[in-house]
Amino acid sequence: MNAPLLDVAGLSVDFATYGRQARVLDGVSLQVRAGQHAALVGETGCGKSVTLRAIMGILKSPPASIAAGSIGFDGADLLTMPARQRDALKGTAMSMVFQDPMTALNPVFTIGDQLATIIKYADRRMGVRRDKQGRKQRVIEVLDQVRMPDPERIFGAYPIMLSGGMRQRVLIAMALLNEPRLLIADEPGTALDVTTQAEILALLNDLVAARSLALLMITHNLGVVREMADYVYVMYAGTIVEHGPTEALFERPSHPYTQALIECVPKLSGTSTFKGIDGTIPDYVDPPVGCRFRPRCPHRHDACFERPPNVTVGANHVAACWLRQPAEEVA
Amino acid sequence: MIEAPLLEVSGLTKHFPIRGGIIQQRVGAVRAVNDVSFAIRKGEVFGLAGESGSGKSTIARMVVGLYRPTAGTVHFDGSDVSGLIGGRDYRKQVQMVFQNPGSSLNPRRTIAQSVAVPLIFHDYPKAKIADRVAELLEMVELPRNFAIRYPHELSGGQKQRVAIARALAVEPRLIVLDEPTSALDVSVQAKIIDLLAGLAGELGLTFLFISHDLSLMRNFCSRVGILYLGRLAETGSTIDVFGSPAHPYTQALIGAVPVVSDEEAALKPSIPALSGEIPSPSRIPKGCSFHTRCPFAFEPCRQIDPEFTIVGQGHEARCHLLEERTATAATVPVSPVERSAHP
Amino acid sequence: MAVLNNGSAPASVEEAVPAATISNAYKNWYRFSRNPTAVIGAVIVLIVISCALFAPWIAPYPEQVDNFVDFRARHLPPSWEHWFGTDNVGRDVLTRVIYGYRISLLLVVVVLGLSIPFGVMLGLMAGYFGGWVEIVIMRLTDIALAIPPLVMALAITAVLSPNLMNAMIAISVLWWTWHTRLIYSITRTLKTQEFVEAAEILGASKFHILFRELLPNCVSAISVKATLDAGFVILIGASLSFLGLGVQPPTPDLGTMVATGADYLPDRWWQSVMPGMAILVAILGFNLLGDGLRDMFDVEDVR
């Protein structure tokens, strides 16, 4: 197996809020390899956007501060490398597909202008010489790759002239312009209608697979995860509670939170129970001691006041829970 | 149908004028809702599903009397209420729960003040208001001390519970639920749906449930209507519509739902992915409004808007393919819309 | 990005009693207290208000306020006895400045007291009802906004007799327009919020929706606007007096004092510079406080 392209290890992030410290990420580790489609899934306020911001280096500090851990990219630690070097990676080797197609494009510039400018700046940083015509060619080439009808016309169009799905394609094109190796997708397709979403997800999947990019997508939609990802990280209250290959994780969810979350998704078969999960996500200023899911967990017991171990429950499948036994012992 | 329906909507139409020019003259219309008819029996949960621009929220607002229909009627319990924008009796009978729990409560008023609004305006005895508010909070499983809190101190799910309590205050018979859980996480959504189902049984409520989430609808509704560009494409019992969807749009919609198990994936109709996007309601295509995206579209679809074809007991759909099939059923027993799995 | 969640971690919804909730008041205070210019503004405004309220007790020579003449003490430069010096008839300038704040604040209270309720009410109605109500109110407002307030005030006081009362009326006549504009734009956005639709469905009256649902949501914007306004009203009042169309001598008004003192510039500068500084400090205080409140309440519409 090849070395991971993105290697987040033991990442902890603190937020200063009204004079108090909140540990919003607590020892988050995740890896994405080239060709892998990884998903980070969790509910509102679980820390998935903070993780994304930390990786992209767009966390506002203050209030945020990185308390521990490292973010390895292609063997180098993003957190310790010089700012210039890190900036040079953004938008080139690692890029991002933004969530909201309605606000991520500047309404006063044409699509072509906005995309060409991104190439221009990247070229300048990388010391590449390319003229205006060359940049336009590249933009049209990428617009064509995202299956945009009539890319020449789209080049001169303003965002307002495009529908939501077309704008989402532009955002994908934007992320692919400089041939990234890692693509981060923030809630791909959630702002779109379900029929359009299906089309966009299929497109994203094809593009990523054809280039064997490392894809990390961040989402709350378990259905999207199952259709798009081959490896899943489940996040709860700033911790990774379970991770494993998609099929194993959906077939044999091993953390009580993952189990409850999958249970909560309404089933097309009409067999949903609507039990839900009691309580709410904890206050990060004063989180529960030990397992952060303990107060809401139906299986909680005394051991849960200690931080749970990462138990290997199957091939590449790990759950942070006191209830689980290592796979060998089970077998 | 033995019993008369509680709510009967017939030929409901709403066009919003588009104004332009110097004197703001009418230059066109957004045809948000076009000739929609359905009936809801007492105690039933009727679902209206649709994507953006399908007119589902406009229908909800006409049913509760926030908008006046351009054409068509709304009958509640046998009497015509389509003109009653401010009718007090009707206000008591029909309530609404909104999509966004963050904006449906006034941020500057306490929970008790918000819940008490309908009580004050429907002449509830002043002395009993505090008790009634406490009772309502209990019904939605919130602690009594929430009465003195402000909305920003509550989570999204808790705010939605308050909105439900407020809707229940005047003991309505019909509640319109406009995407009540689409802004919530699935774990919270499950709790709210569970609460609504419980209340419906306990208080004998009838729901008009508006959503774009088909999986949710499959579990919560007894009958559904599928909207496309302000028109009903298909209606029928939930089991029929999901089990054997007749309209190509319904099939595509169900086929596009991301699911979490193989068992569910097997239930999805296999239909080629739709191309393009929903046209704007200000420029509805001629003929069948779905023909621009329909993989099976043929000549009549571009010209003639299809009428409803009955495909089963209380199950009808608007599609030329179905007309063909019923007409030629005796000779050519071929279904033009094949599905991969039959439950 | 919802970093903070207001719930603690209850085992069930019934027990869901958020423990670690930070109140809005605390959040606002926290933001305000860490904004140095806002705190400076608040301190200045407090000093100005206390000067006005407690003038007889604070002023060093309260007997020298108006009809007092001591020709032996004319034109004395600033000293330990007279911090701001004395004027052309021997009155203590500091005393008159402190009393001058009374007049200025009286002007502010009356002008804003008249124009805000009127302006807010029109703004609420125009924003909520729309249609003809909106067209009539907003076109009227546009016309009124096109007239410079100082010119209007000059015209009115020139026609009527120049005195404090007429100055207040003259300023109020146009002042409401700004509030109408502000409240109109806020109401237009609020109107589409679901809580307003909810109140309609629940059977609430128009009165309830305007004053119980919409108005409370305008309060922070109104308070920011009123604070910023206070400075401008002081300035316009002083300008009118300076031109001889506002408060008449011997009433101690800052604008009149600047005007009278201007005759003795530059040698006896303190007679006009000190009251001028007093105007500047008061306006600065109100503006800093207003900006601080705006950041605290996070209301962008107010200018």
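In what order do the 8 strands of the open sheet in chain A run? I looked this up in what is a predicted model, and the order came out as β6-β7-β8-β3-β9-β10-β12-β11, with mixed pairing.

Next I checked the edges. They are held by β6 (94–97) and β11 (310–314) of chain A, each with a single partner strand, so one side of each has no neighbour in the sheet. From one strand to the next, I get an average twist of 20°.

Then I zoomed in on one pair. β9 (residues 231–236) and β10 (residues 239–245) of chain A run antiparallel, with 6 bridges between them. I picked out Val234(A) and found its bridge partner in β10(A) to be Glu242(A).

What lies across β6 and β7 of chain A? I found helix α6 (residues 164–176) of chain A there, at about 175° to β6(A).

On to chain B. I count 12 helices and 12 strands. Its radius of gyration is 22 Å, close to the 20 Å from the globule rule for 343 residues, so chain B is as compact as a globular protein of that length. The C-alpha trace spans about 75 × 55 × 40 Å along the principal axes of chain B. Buried residues are 50% of the 343 in this chain. Of the chain B contacts between residues at least 6 apart in sequence, 63% link residues at least 24 apart.

Last, the contact between chains C and B: I got 25 residues from chain C and 29 residues from chain B. On the chain C side, helix α8 (residues 194–201) gives the most, with 7 residues. That side of chain C splits into 11 nonpolar, 9 polar and 5 charged residues.

Technical notes. Residues numbered from 1 in each chain as written. Chains lettered and ligands numbered in written order. Predicted model: local features only at pLDDT ≥ 70, side-chain atom pairs only at ≥ 80, totals over all residues. Contact = placed C-beta atoms within 7 Å. Helix = DSSP H or I, 4+ residues; strand = E, 2+ residues; numbered from the N terminus. Nonpolar A, V, L, I, M, F, W, Y, C, P; charged D, E, K, R; others polar. Rg over C-alpha atoms; globule rule 2.2 N^0.38 Å. Buried ≥ 20, exposed ≤ 12 C-beta atoms within 10 Å, placed from the backbone. Pairing = 2+ DSSP bridges. Axes fitted to C-alpha atoms, helices over the stretch in contact; angles between N-to-C directions.
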